[in-house]
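Visitor: I am new to this structure. Please show it to me, and let me ask how you know what you say.

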Amino acid sequence: MFAPRTTIDNGNPVNRSAPLNAGLDGWWMALPTINRGARFVDLLGKADCAFNGDAKLTGPIGRPGGSGSVYFDGTGDWCESTLWPSGSSGTTFTYATWVCPSVITSGSYFLDHGFGVTGTLSTRSMIVGYQSGNYNIYSAGYPTGTASDSQMAASGVGIWDHVVWCGDGGGKLYGYVNGIQRVNITASAWSATFYAGLSFGRPVNTNSSYYTGYIGEHREYLSRCLSSDQVYALYNASRTGYQLELNRISRPIGVKAAAAPASAGRFFGAGNYTVG
């Protein structure tokens, strides 16, 4: 009797009935993409992010529950998609990202929304990164738009952190590191409309402020602010490989995974992906 082994269901990877997936709009994971080239894959099939420079897929690099990561060397690496919708930093949202920095540099950013004018950071953009060793979220173009706090300190170089920022749509911002709420900010003036587009590894349309390190995954809810209990549950679910949130197919070890249907190629390519 072979021990069971599980693979992500290539044709339908996301379990929409899982409570933590309610309202989920994008879920980027570092997984093989045979038919899609080198990309940070959106499991919902909306906005794969193409690699630029030397950005590349790597292993989980010690992250519990991780299946892979994307590495950025800080010298011209990023991945992006123009397909992600525009929005407002004053609305309800949740951004959740696993990051492991190789260097922690003030003014470096691992996530950015909003394709503005080429070479311009200050117009219609919302970015997440580091300031003075702390995790920072910034609504560009607004002097009151920066949210950073010493309690949002990064754990350190070479250490994975699960970083979550939530907006409740009523002027409150919440920040979490590894499932624990660190920041509760009243920021009624913190609101800006940002352009469509999404970038990992640098602010969009700039050639500076590059991030150096690994991104394991990123999740976005564009109209849901997770509660503190839900953020903690998400942290734990991600550390155990998303047993409820991903659809899986069980098979005995030693039995080759069946080829995915042709329509599933938009996710991982020609076969289901083994995660455990």
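Guide: The mean pLDDT of the protein chain is 79, and 74% of its residues reach 70 or more. pLDDT is the predictor's confidence in each residue, from 0 to 100. This is a predicted model: local features need pLDDT of at least 70, side-chain atom pairs count only at 80 or more, and totals for chains, interfaces and linings use all residues. Residues are numbered from 1 along each chain as its sequence is written, and side-chain values use heavy atoms, without hydrogens and water.

Visitor: Where is confidence lowest, and where highest?

Guide: Strand β21 (residues 273-274) is lowest, at a mean of 40. Helix α1 is highest, at 97. Helices (H or I, at least four residues) and strands (E, at least two) are DSSP runs, numbered from the N terminus.

Visitor: What makes β14 mostly covered?

Guide: Buried means under 20% relative accessible area, exposed over 50%, partly exposed in between (1.4 Å probe, protein chains only). Seven of the eight residues of β14 are buried.

Visitor: Why are β9 and β14 called paired?

Guide: Two strands pair if DSSP finds at least two bridges between them. Eight bridges join β9 to β14, so they pair, and they run antiparallel. Five bridges join β14 to β15, also antiparallel.
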